[in-house]
Amino acid sequence: MKIESQVFGTVDIPDDKVIEFPAGLPGFEDCRQFALVHEDGSTSSLYQLQSLDNPAAVFSITGSDRLGVNYEFGLSDEETEQLKLTNPADAFVAVIVRKDEGDAGNPATAGLRANFMAPLVINVSARRGIQKIITRLGCDVTLRAEG
C-alpha cells in the first residue's frame, strides 16, 4: 500500500507491517490502521506512527523503556481481546512524545514531552494496538536511574 505522508512523502507500506487499532486513538477514532515509519539508516529509537487512514495524522512514539519508564498495569478482558493478546511477551509498550518549545528564554525547559498516562500497547505478533488510558489507581510507573 502506498501512502502520502506529510512527514516522509510517498511511502510504500507492506501489508504485513500494518498495525490495526480497532478503536482508533482518542480524538482520532476514524484512524484505525497505522504503520511504524522510520527514516532509512536512522539509529534513533524515535518512530513515527503514521495513520494509513488519514495521512495528516502522524505521532512520534518511542518505547517506554527508552525513557527509563517501567509500567505495571493490567488489561481488561475487552482490551486483551482487542489486542488478540495470548502471550504477555508479545506486548510492546510505547509512549507518544511531542516537541516542547518550553520557555524560549530558558533552554533547560525545551525538549520532548511524553504522554505517560496514555501509553500505546501493541501486540507485535498480531499487529494490533490500543491506547491504554491510565488512572492513578492500579498502575505503577517506576523510573529507572541511569548511571
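This is a predicted model: local features need pLDDT of at least 70, side-chain atom pairs count only at pLDDT 80 or more; totals for chains, interfaces and linings use all residues.

User: Good. How many helices and strands are in the protein?

Analyst: The protein has 1 helix and 12 strands. Those are DSSP runs numbered from the N terminus, with helices being H or I of at least four residues and strands being E of at least two. Along the sequence the pattern reads β-β-β-β-β-β-β-α-β-β-β-β-β.

User: And what share of the residues is buried?

Analyst: Buried residues account for 34% of the 147 residues. Buried means under 20% relative accessible area, exposed means over 50%, and partly exposed is in between, using a 1.4 Å probe and protein chains only.

User: What about the surface, how much of the accessible area belongs to carbon and sulfur atoms?

Analyst: The accessible surface comes to about 9,100 Å², and 49% of that belongs to carbon and sulfur atoms. The areas come from the Shrake-Rupley method with a 1.4 Å probe, and for residues only the protein chains shown count as cover.

User: OK, strands now. Which strands does S8 pair with?

Analyst: S8 (residues 91–100) pairs with S6 (residues 58–63) in the antiparallel sense over 4 bridges. S8 is also joined by 4 bridges to S10 (residues 120–123), again antiparallel. Two strands pair here if DSSP finds at least two bridges between them.

User: Switching to rings. How many aromatic pairs are there?

Analyst: The count comes to 4 aromatic pairs. One of them is Phe21 with Phe34, which is edge-to-face at 5.2 Å centre to centre and 75° between the planes. Phe21 is in the loop between S3 (19–20) and S4 (33–37) and Phe34 is in S4, 13 residues apart, so the pair links distant parts of the chain. The rule covers rings of Phe, Tyr and Trp (its six-membered ring) with centres within 6.5 Å; planes under 30 degrees apart are stacked, over 60 edge-to-face, and the rest tilted.

User: Are those two Phe side chains buried or exposed?

Analyst: Phe21 and Phe34 are both buried. Another pair is Tyr71 with Phe73, whose ring centres are 5.7 Å apart with planes at 75°, so this one is edge-to-face. Tyr71 is buried at 11% relative accessibility, whereas Phe73 is partly exposed at 22%.

User: Which residues form the aromatic cluster?

Analyst: Phe21, Phe28, Phe34 and Phe59 form one aromatic cluster.

User: Now charges. How many salt bridges does the count come to?

Analyst: The count comes to 3 salt bridges, each a side-chain nitrogen of Lys or Arg within 4 Å of a carboxyl oxygen of Asp or Glu. One joins Glu20 and Arg128 at 3.2 Å, N to O. Glu20 lies in S3 and Arg128 in S11 (residues 128–131), so this pair ties together parts 108 residues apart in sequence.

User: How accessible are Glu20 and Arg128?

Analyst: Glu20 is partly exposed at 33% relative accessibility, while Arg128 is buried at 14%.

User: And the other salt bridges?

Analyst: Lys132 and Glu79 meet at 3.0 Å, N to O. Lys132 is in the loop between S11 and S12 (140–143) and Glu79 is in helix H1 (residues 77–83), 53 residues apart, so that pair also links distant parts of the chain. Lys132 is buried at 12% relative accessible area, and Glu79 is buried at 16%. Lys84 and Glu81 also form a salt bridge, at 3.7 Å, N to O. Lys84 is partly exposed at 45%, and Glu81 is exposed at 52%.

Terms used. Residues are numbered from 1 along each chain as its sequence is written. Side-chain values use heavy atoms; hydrogens and water are left out.
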